[in-house]
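Here is a short briefing for a first look. Keep the sequence and the 3D view side by side as you read.

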Amino acid sequence: MEPVRLGVIGCGVIGKKHMDSAAGADHIDLVAAADLVEANRVEAAEKFRPRRVYASAEELLADGEVEAVVLALPTMVRTKLALAALSKGKHVLLEKPAAMNAADLRRIMAARGKLTVGCCSSRPQFKAHVPIVKELIASGRLGQIRELHVRCLGGCGAKPAKPGPAWRLRRDLNGGGILVNWGCYDLDYLMGLTGWTLRPRVVLAQAWAAPPAFARHIDPTSDAETHFTALVRCEGGEAISIERGEFTATGKQNGWQIVGDAGSLDLTMVSDDPIRITHYAADAEKGATERVIYDATEGWGEMHAGPVRDFAAAIRQGREPLTGLERSLTLQRLTDAIYESARSGSAVTIG
Ligand SMILES: NC(=O)c1ccc[n+]([C@@H]2O[C@H](COP(=O)([O-])OP(=O)(O)OC[C@H]3O[C@@H](n4cnc5c(N)ncnc54)[C@H](O)[C@@H]3O)[C@@H](O)[C@H]2O)c1
């Protein structure tokens, strides 16, 4: 396979992970990197040795050798850069969330032509346990799917010396807070495990800012939610119940579950501890029987390497990346509906 000639725009925390993953892959040639901040450019040049380093995204996009770009910078600048990259005939990998809203994503869809566009919300799909779980669900052993459930509350540690970056909890820079930072992974994971068959239709949600006691744990300009909950009814009668929170006045709690009428799965999407997956099967005589089907420690490496390596392979193989634009639009429309419901206090229908 001829290596894909890649440029990475944004050499911050996640841009460096992409460059590391690109540098370690035979099917990717890291041609260029760009960042507005000199220190980040210097570090990227020293560590990952792209052939050229630019001080702006525009300069990198003008590099004719670059055929595909990763947009590893905050959400509010990505759509503009994605459209500029597509207009120059370059494939695009979007960091997550895919866009500020569905309208922006539709603009990217309209401009993509035959180019490949993917989104990094796919990250958890590259975990080692995922193919095993997908196969079990595809085999029909859970029966009719009833509910997909997520409840992840981060609790809160001691006040940090310095809060995280401002964009993380800013609606104008990030499109939202914990829902787009982590909820997008939960939704991509559960939708992916069930084969992207669910069609979200009606959403009722609520969202909250950080509790007053933790106001100094976050950037003072933050205006996005740090905690939300949503109930989503899908076309086939399935329900998605999702709650995510950070800076919560709670202990830590992490759980993912898929419940069918013939069985269910207790899952772990990510963890530093071993990932344990339990399958419960409905048995007419014995009741709901329990069996651990997976118990192994998984690193974070495959999550970081997966999106850019899959994106490059998808370009050469002429296929969609694991989370392509149609799937991203499903997630983005659901995201928009959750925010709209939380804002209005009413149920929102996705048309
Ligand atoms: N930090 C993580 O662990 C992580 C993980 C997965 C996804 N992401 C997503 O990736 C995106 C970036 O996150 P990050 O943590 O890498 O942020 P970051 O602040 O560490 O890095 C962003 C980089 O982009 C550069 N930049 C900003 N605007 C630019 C522009 N117009 N042209 C060129 N460079 C520009 C900044 O100088 C900075 O170096 C976010 O949307 C985030 O949700 C982050």
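Predicted model: local features only at pLDDT ≥ 70, side-chain atom pairs only at ≥ 80, totals over all residues.

A search of the whole structure finds 23 salt bridges. The largest nonpolar core has 45 residues.

**Salt bridges**

- Side chains of opposite charge can pair when their charged atoms come close.
- Arg 244 pairs with Asp 186, with 2.7 Å between the closest N and O atoms. Arg 244 sits in strand β10 (residues 239-245) and Asp 186 in helix α8 (residues 178-193), so this bridge ties together parts that are 58 residues apart in sequence.
- Glu 326 pairs with Arg 112, and their closest N and O atoms are 2.8 Å apart. Glu 326 belongs to helix α10, while Arg 112 is in the loop between α5 (102-111) and β6 (117-119), so the bridge links parts that are 214 residues apart in sequence.
- Glu 326 is partly exposed at 41% relative accessible area, whereas Arg 112 is buried at 16%.
- Arg 5 bridges to Glu 2, with the closest N and O atoms 3.0 Å apart. Arg 5 is partly exposed, at 24%. Glu 2 is also partly exposed, at 49%.

- In soluble globular proteins, nonpolar side chains tend to be buried together.
- Within the largest nonpolar core, Ile 240, Ile 258 and Leu 267 touch the most other members. Helix α8 gives the most to this core, with nine residues.
- Another core, of 30 residues, lies apart from the largest one. Its members include Ala 32, Ala 82, Ala 98 and Met 109.

**The largest cavity**

- Rolling a probe the size of a water molecule over the atoms shows where empty space is left.
- The largest cavity holds about 100 Å³ of space.
- It is lined by 13 residues. Pro 97, Ala 98, Cys 184, Leu 331 and Gln 332 lie nearest its centre.
- Helices α8 and α10 each supply at least two residues of this lining.
- By class, the cavity lining has eight nonpolar, four polar and one charged residues.

**The second largest pocket**

- About 270 Å³ of space lies in the second largest pocket. Of the 13 residues lining this pocket, Arg 171, Ala 207, Glu 225, Tyr 339 and Arg 343 are the closest to its centre.
- β8 (200-208) and α10 (325-344) each supply at least two residues of the pocket lining. Which element gives the most to it? That is α10, with four residues.
- The pocket lining has six nonpolar, two polar and five charged residues.

Technical notes
Residues numbered from 1 in each chain as written. Heavy atoms only, no water. 1 Å grid on protein atoms, 1.4 Å probe; cavity = no way out; pocket = protein on both sides within 12 Å on 5 of 7 lines; lining within 4 Å. Points joined across faces, edges and corners; volume = space filled by probe spheres on them. Nonpolar A, V, L, I, M, F, W, Y, C, P; charged D, E, K, R; others polar. Salt bridge = Lys/Arg side-chain N within 4 Å of Asp/Glu carboxyl O. Buried < 20%, exposed > 50% of the residue type's maximum accessible area, 1.4 Å probe, protein only. Core = buried A, V, L, I, M, F, W, Y, C linked by side-chain atoms within 4.5 Å.
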